[in-house]
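Below are some numbered notes on the model you sent.

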Amino acid sequence: MSVLPLVFTSGWASGINAYAVVLLLGLFGATGLSDDVPETLQRPEVLIVAGVLFLCEAVADKIPYVDSVWDTVHTVIRPVAGAWVGALLAGHSGSLSDVAAGLIGGSTALASHAVKAGTRMAVNTSPEPFSNIALSLAEDLGVAGIVTFAVFHPLPAAIIAAVLLATGLVVLVFLISRIRRFWRRRAQRREERRLATQVGGPPG
């Protein structure tokens, strides 16, 4: 079977947590559970770096506003990681060109990253931090589950990832208006505080 389903699923997962994808695939290959993982992902230094960065993301991803800053920084990193993993998978299998796999993995990662970043911005409109923690845990478990499923059942996993991506994009469209209202209210409050400070300040 073509490696395309695994490329698509790993791209979707990379848009949410690229370090988890690299770490999981590398561990599956290094432990001999899968022969579809290229040796580059199994190298000890790759696994160590991915593991450390995964832990950093696991913390940053659960703190309101820090998660959005982290997402902004990873707007380039996640699509590039998705493209890189896709190209490696294609090169290892020989059933798909590296360029095509890179485009599929990168574009899918960019789309799922947009969904994640937009959803986090909407969640950050809530004053409590528990929704961030719950959503982050759900994302981590979802990525782990889908990537694991994809290693052994690539086509069904790709279908699930496609449904999740499409659903996320639809939800994001509805969340955009909420995000805009939040930022307008926040800008209005800042302007009101600035005016109040000017009125209450010492005479010039």
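**Notes on the predicted model**

1. The side chain of Thr 108 comes to 2.7 Å from the backbone oxygen of Ile 104. The model is a predicted one. Thr 108 belongs to helix α5, and its relative accessible area is 6%. Thr 108 counts as buried because that value is under the 20% cut-off. Setting aside neighbours within four places in sequence, the contacts of Thr 108 are Phe 8, Gly 11, Trp 12 and Leu 165.

2. How is a packed pair of helices described? The angle between the two axes and the distance between them are used. For α1 (residues 4-30) and α5 (residues 98-123), the axes come within 6 Å and the crossing angle is roughly 35°. The crossing of this pair is right-handed.

3. Which residues does Lys 116 touch, beyond those up to four places away in sequence? They are Gly 15, Ile 16, Glu 57, Asp 61, Asp 71, Arg 78 and Glu 139. Lys 116 is in α5 and is buried, with a relative accessible area of 3%. Its side chain makes a polar contact of 3.1 Å with the side chain of Asp 61.

4. Asp 61 is also in contact with Ser 136, as are Lys 62 and Arg 120, with neighbours within four places in sequence left out. Is Ser 136 buried or exposed? Ser 136 has a relative accessible area of 0%, so it is buried. Between Ser 136 and Leu 169 there are 18 Å from C-alpha to C-alpha, at a sequence separation of 33 residues.

5. Ser 136 sits in helix α6, which covers residues 130-152. From first to last C-alpha, the 23 residues of α6 reach 34 Å, close to the 33 Å expected at 1.5 Å a residue. The buried residues of α6 are Asn 132, Ser 136, Glu 139, Asp 140, Val 143, Ile 146, Val 147, Ala 150 and Val 151. Glu 139, in this list, is also touched by Lys 116.

6. Helix α1 also packs against α3 (residues 44-60), with axes that come within 9 Å and cross at roughly 145°. This crossing is left-handed. Ile 16, Asn 17, Tyr 19, Ala 20, Val 22, Leu 23, Gly 26, Leu 27 and Ala 30 of α1 meet Val 46, Leu 47, Ala 50, Gly 51, Leu 53, Phe 54 and Glu 57 of α3. The split by class is 12 nonpolar, three polar and one charged.

7. For the chain as a whole, the secondary structure consists of seven helices and zero strands. The C-alpha trace spans about 75 × 35 × 30 Å along its principal axes. Of the 204 residues, 43% are buried. Among contacts with a separation of 6 or more, 74% are between residues 24 or more positions apart.

Methods:
Residues numbered from 1 in each chain as written. Predicted model: local features only at pLDDT ≥ 70, side-chain atom pairs only at ≥ 80, totals over all residues. Heavy atoms only, no water. Helix = DSSP H or I, 4+ residues; strand = E, 2+ residues; numbered from the N terminus. Buried < 20%, exposed > 50% of the residue type's maximum accessible area, 1.4 Å probe, protein only. Contact = heavy atoms within 4.5 Å. Expected span 1.5 Å × (residues − 1). Axes fitted to C-alpha atoms, helices over the stretch in contact; angles between N-to-C directions. Left-handed = near helix turned anticlockwise from the far one by under 90°. Polar contact = N/O pair within 3.5 Å; in protein donor to acceptor, adjacent residues only side chain to side chain. Nonpolar A, V, L, I, M, F, W, Y, C, P; charged D, E, K, R; others polar.
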